[in-house]
Amino acid sequence: MITPISMETTNLIYNRFKSQKKSKSNNSFGSDGLAGNTRTSIFYVNDYHGKAINMERTVTASNEFDSFVPSVPTDKLKLASGDIMLGEDKKVNQIAVNFLKFIGVTASAVGNHECDMKSNEFTQLAGDINYKLLACNMKTSPDSKIASHIEKSFIEEHNGHKYGIIGVLPTDLISRVKYGKVFQDQKLEPANIDETIKDIQIEVDKLKKQGVDKIILLSHSGYGYDIKIAKETDGVDVILGGHSHNLLTGMKEGVNLFRSKSGEPVVITQAGRDGKNFGVLNLEFDRNGIIKKVQNNVGTTRMFSRNLVARNFFENILGKPQVVGVINTAPAPLKNDLIEVNPLAYYGLDAIRERSGADIAIVGAANIRGYVEKGKIDTRTISEISPFKNKIVKINYTEKEIVDSIKFCAKSFVNRNNKPGIMYVSGLKYTVSKNGLVYDMKFINKDGVEEKIDVNNPRTDKIYSVAINDYYSSGNDDLTMLNKFNSAVERYPWDLNDCIEWKIRQSDKPIDIVDDGRIKIVD
């Protein structure tokens, strides 16, 4: 059972953040509050990336949140921080929209994956949304069809208490979406971070003038920028974050508790990625809208059953799943999907390499979003492993282009938010350090013979056929050295998930998905 308010375990911040604004009353409010204070509980989600199974589990958690009646009057809010949708699949995005309807979210930030689809598809889907899409840092023109569906902020009222809700989309939006040029043609571009901070402050000041003193920012900027926003704005109380996929549990000063420009507390949350977790943030504001108590609870969706109503609704959209095989051995879900070895990715890359006949197969960690469990595996589970539906192509790359791409991705260990993620491979093995350096690399031919690659002087005259998806072969995630989509020698009608299903169906035995050591991470 989720308890929206449990002040016995609430972290007190009176001593750490002594605001210059004092409450006008010292009368007792129960045993742990003050008269005139406002209790608030926020159910928050971010970066679900179209993961329908975890959405079904979250509906169960949300229902428990709704059914709990706190002993003290409490305002309940439900908000999202973007990337609930994912990719081009209309059915997946339709499910994402209905998921937020199911749990009763009133607003969501616009994430980059809300913009994966073409602009006309975005506007069609937006017409079915009954919650606010928010982004105050969007540069656009009045005649933009997309802009007409997006607001900067709005006021939500509960029990006479007003909450200002502001949204921001990621500053790196255009480089993170497949149809970035389409969105530029629609005159939609994000402001940079400094302009974004100014845009946020403008909205805060507008809300303050309307008597709103409790302000929540739905941010798809990433953890690092959220800290900067917290410190360089004044009036934002809570930043519900996303984009960087950090899992921020509990409440710790200097981690997710900061001071604004005027010294008031600012709370930052973020619940990882792919719907593995959700959050319940409990707050107590004084009569001046200053946070006096805070408790951040993060729940694991795997602990909740799949809601049958949501499951049936989603299956009516997606179709009934089919069992395709049995998993005998499966690794646990990763803690940091961007910089950990992933045996499931290895299995998928081997399937791509085998099916395409390429010398090598590569895909970035950011494209692998699912996990499997021991037992029967069906098409629904497979569809969530890499839900982007990026089609596979075969391209001839030089040894240097391949090495440079792996080196670029290796910097994810030290980059802000671990972006873009390490490169998973088939037909190669390499060693990488936690400070982002690639030490050695070997090519493994189809006979299993290993050939050393000089990572310090990779050859420009050595060519390999490489199976890669259309996202990375277009140079996205700043992998400009891979931008050769137009030079593809083969274009296939299948994606990574199709290849995984193909490989599982070929086996008449249970599948073992294990780490074979092809990527070695050292200190």
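**Cysteines.** I began with cysteine 499, whose sulfur is 20 Å from the closest cysteine sulfur, in cysteine 409, too far for a bond. A disulfide here is a pair of cysteine sulfur atoms within 2.5 Å. Cysteine 499 is buried, at a relative accessible area of 0% (buried means under 20% relative accessible area, exposed over 50%, partly exposed in between, with a 1.4 Å probe and protein chains only). I then turned to cysteine 136, where the closest cysteine sulfur belongs to cysteine 115 and is 15 Å away, again too far for a bond. Cysteine 136 also counts as buried, with 5% relative accessibility. My search of the whole structure ended with zero disulfides.

**Ground rules I noted.** This is a predicted model, in which local features need pLDDT of at least 70 and side-chain atom pairs count only at pLDDT 80 or more, while totals for chains, interfaces and linings use all residues. Residues are numbered from 1 along each chain as its sequence is written, and side-chain values use heavy atoms, with hydrogens and water left out.

**Helix H11.** Helices are DSSP runs (H or I, at least four residues), numbered from the N terminus. I looked up H11, residues 399–410: its twelve residues reach 17 Å from first C-alpha to last, close to the 16 Å expected (1.5 Å times one less than the number of residues). Its buried residues include Ile402, Val403, Ile406 and Cys409. Serine 405 of H11 is buried too, at 0% relative accessibility. Which residues does serine 405 touch, not counting those up to four places away in sequence? I found Met423, Leu479, Met481 and Leu482, with contact meaning heavy atoms within 4.5 Å.

**Helices H2 and H8.** Next I checked H2 (residues 90–103) against H8 (residues 308–318): their axes come within 10 Å and cross at roughly 160°. Axes are lines fitted to C-alpha atoms over the stretch in contact, with angles from 0 to 180 degrees between N-to-C directions. H2 and H8 are therefore roughly antiparallel, a word used for angles over 145 degrees. Among the residues making the contact are Ile95, Asn98 and Phe99 of H2, and Phe313 and Ile317 of H8.

**Phenylalanine 314.** I finished with this residue of H8, which is buried at 0% relative accessibility. Leaving out residues up to four places away in sequence, phenylalanine 314 touches Ala52, Met55, Glu56, Ile95, Asn98, Phe99, Phe102 and Arg380. Glutamate 56 and phenylalanine 314 are 258 residues apart in sequence, yet 8.7 Å apart in space, C-alpha to C-alpha.

Note on methods
Helices (H or I, at least four residues) and strands (E, at least two) are DSSP runs, numbered from the N terminus. Angles under 35 degrees count as roughly parallel, over 145 as roughly antiparallel, 65 to 115 as roughly perpendicular and the rest as oblique.
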